[in-house]
Amino acid sequence: MDQFAAKVFVRLRPSVLDPAGEATKSASIKLGAEGIKSLRIGKMIEVKIEGNDENEVREKIDLLCDRLFANTVIEDYEYSLEKL
Amino acid sequence: MDNFTVGVVVFPGSNCDRDVSWALEGCLDIRTKYLWHESSDLSDVDAIVIPGGFSYGDYLRCGAIARFSPLINALDEFVKSGKRVLGICNGFQILTESGFLPGALVANKNLNFICDDVELDIFSSKGGWFNNVDEKQTIKLPIAHGEGRYHCDSDTLKKLLDNELIALRYKNNPNGSSFDIAGITNEKGNVLGLMPHPERACDETIGGTDGLFTLKSLILK
């Protein structure tokens, strides 16, 4: 069995309003940061997982993302996978 | 009500379970039974309420972890048999996360946790959850949520409208919900999810009685 590390990024879909992102954008401007056009907040989930090969691990991560980590009604996800 | 028993689901973090039980037992004389989330035996109950609260601390997303409990897994058969399920607030969030109802509930537009009484229009009588409330078409119920903004895509909204699945709409949308939606039913009408709390409006002296009808309708066949 090989060990893999996945970094999963979960983001609200572009069509879903992100009020926390808007509030943070507003605070960023108050801090003096100029030129911010958009700011949206997502989640990053780190998973260490073992499997026989990358394809098998990708299947597991896909299932986790689709069924648990993200609610695909409102969120998109993507991930990177690294063999340890 | 003879032996009719309403199961009230208890998750770690539920906090309206006792309110629901008080309203059903004390105000309506309907027997209740608490159902711990790890139980999958629903044979003793004739209807189920998934109450409000913060199941599993709202970790990941509201209702996301609760979806994987043995009880929610057993709910599929229960719903298919036509028995009634009422999801209030966090219960509504769990019902959308687990796919019993379409759409999702996300953070309120203004980011505030809103605790208030709201006026609601009864938009559909599907399932008889709100029918004939003294012929009133508007009711007043309390809300208390930070993540109650109902969201769905335009295709889903069209389906909700075409099939008369929108049960309740806010008169003055407090949280930015799509189409002012406060509650929806499934196509069969035996599952209702709503953000307002009917169990907190079951006595004239503490918040009115507009919630009584919805709880009482749990005993409808």
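Me: Is B:R61 buried or exposed in this model?
Reply: This is a predicted model, in which local features need pLDDT of at least 70 and side-chain atom pairs count only at pLDDT 80 or more, while totals for chains, interfaces and linings use all residues. Residues are numbered from 1 along each chain as its sequence is written, and chains are lettered from A and ligands numbered from 1 in the order in which they are written. A residue is buried if 20 or more other C-beta atoms, placed from the backbone, lie within 10 Å of its own, exposed if 12 or fewer, and partly exposed in between. Because B:R61 has 23 C-beta neighbours inside 10 Å, this residue counts as buried.

Me: Which residues does B:R61 touch, not counting those up to four places away in sequence?
Reply: B:R61 sits in the loop between strand 3 (47–50) and helix 2 (70–80) of chain B, where helices (H or I, at least four residues) and strands (E, at least two) are DSSP runs numbered from the N terminus. With contact meaning that C-beta atoms, placed from the backbone, lie within 7 Å, the residues that B:R61 touches are A:N71 and B:E97.

Me: Which residue in strand 2 of chain B is the bridge partner of B:V8?
Reply: Strands pair if DSSP finds at least two bridges between them, and strand 1 (residues 5–10) of chain B pairs with strand 2 (residues 31–36) of chain B in the parallel sense over 6 bridges. Within strand 2 of chain B, the bridge partner of B:V8 is B:Y34.

Methods: Two residues are in contact if their C-beta atoms, placed from the backbone, lie within 7 Å.
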